Amino acid sequence: MKGMMCLIAKEMRMTPRMEKLETLIRRLSELNPKYPEVVAEYKRRMAGYRGEKSVYFYLCMLPEEDYYIFHGLRLFDGQFYFQMDFLLLCATFAMVLEVKNVAGELTFEKEFNQTLCKRNGEEERVKNPVLQAKIQAKKLKVWLRKHNCPEFPIHYFFVNSNERTFIKTEPHNDQMILHICNSENVLEKIEQIRNYYKKDKLDKKELKKMKRLLLTNHTPDDPNILKAYELSPKDIITGVQCPDCFTIPMIYKGGKWCCLKCNLMSKTAHAPSINDYFLIIKPSFTNAEICEFLHIPTIHIGQKIIKSMNLPYTGTFKNRVYHQPKS
Ligand SMILES: [Zn+2]
């Protein structure tokens, strides 16, 4: 099966922002006034991510060597960043996919290009996902031109990834229909476009060059999450988290971490908590800082624990700073 797969130029994974939100939720009191906001953003992004995963499942069936697939590519247009849920690249065209996982009924009105979403009996106006895809495609076109890439047709689609969503368009809105599909039809749409073009626009070398250019310029959405929510390190619950029952903190006793709630004993429970520190506090620490965060009783034990992690470091023994390993 593996040999049949297309080329994944940028594989599907959670953005650093999502990882940080997930960490923050585990280490923020439910009583913190920002808690509901953080949870809401995480849930929204997770729903989107699940939708993208279902589209990815189909995209992976594209013929090998014909297509490069990029997930979540984020580029800078000179003023702002723009991010594409998926970008497909082949010798004849590129395709931008805007994936939405919205439950309910979506209606595309002809007048003003408005999109209405009906859910639980209530109707609200939402961003028109076809126009969103079109704008991304336009931005990509400008971006490629700026980077001296050959002129190239760029198609765009809104892909609905929610099986329970019902899509309706007003009469005479055919232009819109051409750019909408459900995840299970996405391959068919791609092949239709592929068959439309008789001649390749790029050779293998040019295609590879373009892939490299896009990947080098990808800038992930990796914010300082405390700053983004106007939180301070003081809002963060410190201590090692139990990997079994998720209680914080565990107690260090006789060379092991013990959970007072479920009685789990672990020699390595500090490792994910160190990762939490990197994700939400900062990407480096001193021995004293991590001892305070993990509730390690003495700096000597701290030294032993950090040493076992084999983290990259700078500075001499006394002023040593440990850094987040590059993934
Ligand atoms: Zn526990």
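This is a predicted model: local features need pLDDT of at least 70, side-chain atom pairs count only at pLDDT 80 or more; totals for chains, interfaces and linings use all residues.
**Figure 1. Domain 1 meets domain 2.** Contact between the domains involves six residues of domain 1 and five residues of domain 2. On the domain 1 side, four of the touching residues are charged. One is polar and one is nonpolar.

Figure 2. Strands of a sheet pair through backbone hydrogen bonds, either parallel or antiparallel.

**Figure 3. Strand 12 pairs with strand 13.** Strand 12 spans residues 256-258. Two bridges join strand 12 to strand 13, in the antiparallel sense. Trp257 has Ser266 of strand 13 as its bridge partner.

**Figure 4. Helix 1 packs against helix 8.** Two packed helices are described by the angle between their axes and the distance between the axes. Helix 1 runs over residues 16-26, and helix 8 over residues 270-281. The angle is about 115°, and the axes are 9 Å apart. Helix 1 is therefore roughly perpendicular to helix 8. The crossing of helix 1 past helix 8 is left-handed.

**Figure 5. Residues at the contact of helix 1 with helix 8.** Helix 1 contributes Glu19, Lys20, Thr23 and Leu24. Helix 8 contributes Asp276, Leu279 and Ile280. By class, three residues of this contact are nonpolar, three are charged and one is polar.

Notes:
Residues are numbered from 1 along each chain as its sequence is written. Two residues are in contact if their C-beta atoms, placed from the backbone, lie within 7 Å. Ala, Val, Leu, Ile, Met, Phe, Trp, Tyr, Cys and Pro count as nonpolar, Asp, Glu, Lys and Arg as charged, and the others, Gly among them, as polar. Two strands pair if DSSP finds at least two bridges between them. Helices (H or I, at least four residues) and strands (E, at least two) are DSSP runs, numbered from the N terminus. Axes are lines fitted to C-alpha atoms, for helices over the stretch in contact, and angles run from 0 to 180 degrees between N-to-C directions. Angles under 35 degrees count as roughly parallel, over 145 as roughly antiparallel, 65 to 115 as roughly perpendicular and the rest as oblique. A crossing is left-handed if the near helix is turned anticlockwise from the far one by less than a right angle, and right-handed if clockwise.
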